[in-house]
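Please look over the structure below.

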Amino acid sequence: DGCIKAVGQADAIRSQFSGATFERVIDCSGKCVLPGLVDAHTHPVWAGDRVHEFAMKLAGASYMEIHQAGGGIHFTVEHTRQATEEELFNTFKHRLERMRRAGSTLVECKSGYGLNLETELKMLRVIERAKQSMDIGISSTYCGAHSVPKGKTATEAADDIINNHLPKLKELKLSGEIDVDNIDVFCEKGVFDLETTRRILQAGKDTGLQMNFHGDELHPMKAAELGAELGARAISHLEEVSEEGIRAMARANCAAVLLPTTAYMLRLKQPQARKMLEEGVIVALGSDFNPNAYCFSMPMVMHLACVNMKMSMNEALAAATINAAYALGKSDTHGSIETGKQGDLVIINSPRWEHLIYQFGGHEALIDYVIVKGKVVYQNERCGTI
């Protein structure tokens, strides 16, 4: 059934299964078996890359300056609206395969480059199709409040989401067409303020969605306090979180999804991972894969978390497995090697698991096998013998 039947010492396992026959045996002598990695925050469905904006950023343009010049989210929105469902699915599938080769076996996937009902549904259908047809775990997120659409105020956009988008999602769930797990809002100065964010999140919660949203990234917004009060499952970014926000998240068991790639690429101050860990916050990691932060690799994210956010390697591994699974409401089935949990594993070609973090950008020659639900979904021809 794709779940782990037993975990233990080799001799105990051998005697327990002495009479069993197996389709396949993988010799892991001198290797390490790790839980499949969990990427708790991605935006992987879009058309129109923004490689030209990378040059603008390097020349000193800020995120909001690019946004106001017609770049940023709105550039991608226009291209995504024009793309067909088939085009979006093909690029999305290719991106998921790259994530899987880097060891990710469960990925949170957001919509949010439509900003109108038609395109948001097109993106969610693409995510649903991958959920049904690909050997990788997906937690889908409706992120219609990713930005305020051109020609609308934030209040008008929120009204449209609450009165039109969310009822439609509920209807499609009941008919079995699209099953969304989470609701996300970009709570930020100049995008959705605290009260508008509250309205949208509450409406999402009322339709049965987990709250998992962007907060306190570029400006201190008291988003962490709001999320803790509403019972959010997770909040992402948090570069500008307040001390009270950190304490509130710890009390509410609300996970902090930290994104070291974003802070690195935008040259923002790093999230306060150490402070959060000391206060007892459940810290998770995500790649934030999107046209602005083009990174598929959770091993690289873990490396950046250790170097730039001062996390230990143990903390980074927990943040990219069990804690990331918790942020998606899936820690009872994913994120660790335990009897009864889903058989999602990564086998690395080293006797020490730390190599997965230590070898910055080295996962392509290090990850030997990726296994999802007990099935080998990637075998690396390049690993060879140690």
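In which helix do Arg274 and Glu278 both lie, and how many residues apart are they? Both lie in helix α12 (residues 273-279), four residues apart, about one turn of the helix. The model is predicted. Arg274 and Glu278 form a salt bridge, with the closest N and O atoms 3.9 Å apart. Arg274 is partly exposed at 29% relative accessibility. Glu278 is exposed, because its relative accessible area is 62% and the cut-off is over 50%.

Salt bridges with shared partners also link Glu243, Glu244, Arg247, Arg251, Lys275 and Glu279 into one network.

## Other salt bridges

The count of salt bridges is 28. One of them joins Lys110 to Asp184, with the closest N and O atoms 2.8 Å apart. Lys110 sits in strand β3 (residues 104-110) and Asp184 in strand β5, so the pair ties together parts 74 residues apart in sequence. Both Lys110 and Asp184 are buried.

Arg247 and Glu244 form a salt bridge at 3.4 Å, N to O. They lie three residues apart in helix α10 (residues 243-251). Arg247 is partly exposed at 32%, and Glu244 is partly exposed at 34%.

## The open sheet

Four antiparallel strands make an open sheet, ordered β1-β10-β11-β12. β1 (32-35) and β12 (375-379) are at the edges with a single partner strand each, so one side of each has no neighbour in the sheet. The twist averages 25° from one strand to the next.

Strand β11 (residues 367-372) is joined to β12 by four bridges. Ile371 stands opposite Val376 in β12.

Notes. Residues numbered from 1 in each chain as written. Predicted model: local features only at pLDDT ≥ 70, side-chain atom pairs only at ≥ 80, totals over all residues. Heavy atoms only, no water. Pairing = 2+ DSSP bridges. Helix = DSSP H or I, 4+ residues; strand = E, 2+ residues; numbered from the N terminus. Axes fitted to C-alpha atoms, helices over the stretch in contact; angles between N-to-C directions. Salt bridge = Lys/Arg side-chain N within 4 Å of Asp/Glu carboxyl O. Buried < 20%, exposed > 50% of the residue type's maximum accessible area, 1.4 Å probe, protein only.
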